[in-house]
Amino acid sequence: MPKVALITGGAGFIGCQVAKRLLAAGLEVVVFDNLHPQVHVGSGLPASLPKAVRFVAGDVTLPANWQTLLKLTRPDVVVHLAAETGTGQSLTEASRHAGVNVLGTAQLLDAMSAAKHVPERFVLASSRAVYGDGAWQDERGVRFYPAGRTRAALEAKQWDPPAPGGGLARPVAASAADTTPNPISVYAATKLTQEQVLAAWCRAFGSALNVLRLQNVYGPGQAVGNPYTGVLTYFATRAVAGQGLEVFEDGQIVRDFVFIDDVADALTAAALGSTSGCQTVDIGSGAPTTILEVAKTMARLAGSPAPVVSGKFRDGDVRAASCTIAAAGALLGYSPKVPLDVGLAKLLDGVRTTLAK
Ligand SMILES: NC(=O)c1ccc[n+]([C@@H]2O[C@H](COP(=O)([O-])OP(=O)(O)OC[C@H]3O[C@@H](n4cnc5c(N)ncnc54)[C@H](O)[C@@H]3O)[C@@H](O)[C@H]2O)c1
């Protein structure tokens, strides 16, 4: 009998790619997803969802939907992706984000308990957002955690958080082993809570848990019409239309953009793994870049106008996010393969194809 993998949110950007890989590895794959209208335009399943999956429509927050699902299948592995993902949106729609991300995770676990079923393994797609502004270091290399950038500082164009003793500060790449989480959005708080809720249950009942804190995932397949997620998909939509790209602050916001295939490989390796206990690792490209650099590369590839640095800012944006990937290499054999310019070209092709339909 093949093992059964359940992917919650499996009809989404990341889920479709994980489903494809788990099927290729010989697993039976069940996708549980409510086809959220903010993510899925029109009716019907996304074209990128493999036909061989068993699709069950349902909402992770509804016990009755879980009951129906667990009558159909008893998964060996659960890859938990279903989530509300709008970081900015989460500050004004806190209950919606907490409802799906926190209560939805708790409903998942209660449903397993009610069905007297303990999966061997859970894999959670968590987020780099849990680190908030993350750790920084001053000119002497002393690490500190910024208190957050105030609106007054941003209006005065003081983009980097100040070092406590004065002087310049530099961001430190996050690592689950030694960077303290410090969520600064409701979304981030719900992702950290998902980690903790799952870890408590798995510890109590003996399931293995791999938490993967994903940096900014990009690539073809991310919802083009969803204004709340994916800066590169937004940039690509403008660039293929020959429009300019507006870059906030001084252009030097740092992100680690990791291509969808590399992320799907990491989640698949975690789902197929044989580790026990609970491990948390970071998944990124390991090669952080500034938004200005990525916008310039995108404009060059698309033949669109050069980006403009506007000096505008958004409340709640962190200045820098990147991570170390050595722990994921050791745990999952993770080694990202897609360089940024190659990934951006694929994203542009994907967006062109989507918009031509
Ligand atoms: N894309 C990124 O850059 C990124 C970065 C860090 C973490 N993550 C995490 O990865 C996971 C997947 O993200 P994605 O980029 O594929 O997002 P996505 O929005 O493309 O996919 C999420 C899927 O979950 C489904 N869903 C939403 N609410 C649901 C509910 N109540 N019940 C059942 N299904 C529901 C949606 O219909 C969608 O198919 C999320 O947990 C997200 O927090 C993503």
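Trainee: Which residue just after helix 7 takes a positive phi?
Mentor: That's G242. Its phi is about 75°. Helices here are DSSP runs of H or I with at least four residues, strands are E runs of at least two, and both are numbered from the N terminus.

Trainee: What kind of model am I looking at?
Mentor: A predicted one: local features need pLDDT of at least 70, side-chain atom pairs count only at pLDDT 80 or more, and totals for chains, interfaces and linings use all residues. Residues are numbered from 1 along each chain as its sequence is written.

Trainee: Which ones are they?
Mentor: L232, T233, F235, A236, R238, A239 and V240.

Trainee: And what covers them?
Mentor: The cover includes strand 10, strand 13 (257–259), helix 9 (291–302) and helix 11 (340–356). Contact is what counts there: C-beta atoms, placed from the backbone, within 7 Å.

Trainee: New topic. Is L212 buried or exposed?
Mentor: L212 is buried, because 25 other C-beta atoms lie within 10 Å. You'll find L212 in strand 9, residues 208–214.

Trainee: What does L212 touch, leaving aside neighbours within four places in sequence?
Mentor: L212 is in contact with V123, A125, S126, A266, L267, A270, V281 and I283. Look at S127 as well. S127 is 85 residues away from L212 along the chain, with their C-alpha atoms separated by 7.4 Å.

Trainee: OK, A114 next. Where is it?
Mentor: A114 sits in helix 4. A114 counts as exposed, because it has 12 C-beta neighbours inside 10 Å. A114 and P63 are 51 residues apart in sequence, and their C-alpha atoms are 10.0 Å apart.

Trainee: Which residues of helix 4 are buried, then?
Mentor: H97, V100, N101, G104, T105, L108, L109, A111 and M112. Their cover includes strand 1 (4–8), helix 2 (63–72), strand 4 (77–80), helix 3 (87–92) and helix 6 (186–205).

Trainee: What happens just after helix 4?
Mentor: K116 takes a positive phi there, of about 55°.

Trainee: Now the ligand. How many residues surround it?
Mentor: There are 28, and the closest are G9, G12, H36, A83 and A125. A residue is near a molecule if its C-beta atom, placed from the backbone, lies within 6 Å of it.

Trainee: Which helices and strands supply at least two residues of that shell?
Mentor: Helix 1 (13–24), helix 4 (94–114), strand 5 (121–127) and strand 10 (216–218) each do. Helix 1 gives the largest share, with 3 residues.

Trainee: Last one. What's the strand order in the open sheet of 3 strands?
Mentor: The order is 7-6-8, with antiparallel pairing. Strand 7 (143–144) and strand 8 (169–171) are the edges, each pairing on one side only. Strands pair if DSSP finds at least two bridges between them.

Trainee: How many bridges do strand 6 and strand 8 have?
Mentor: Strand 6 (residues 136–138) and strand 8 pair over 3 bridges, in the antiparallel sense. Find Q137, and you'll see R170 of strand 8 opposite it.

How values were computed. A residue is buried if 20 or more other C-beta atoms lie within 10 Å of its own, exposed if 12 or fewer, and partly exposed in between; C-beta atoms are placed from the backbone. Two residues are in contact if their C-beta atoms, placed from the backbone, lie within 7 Å.
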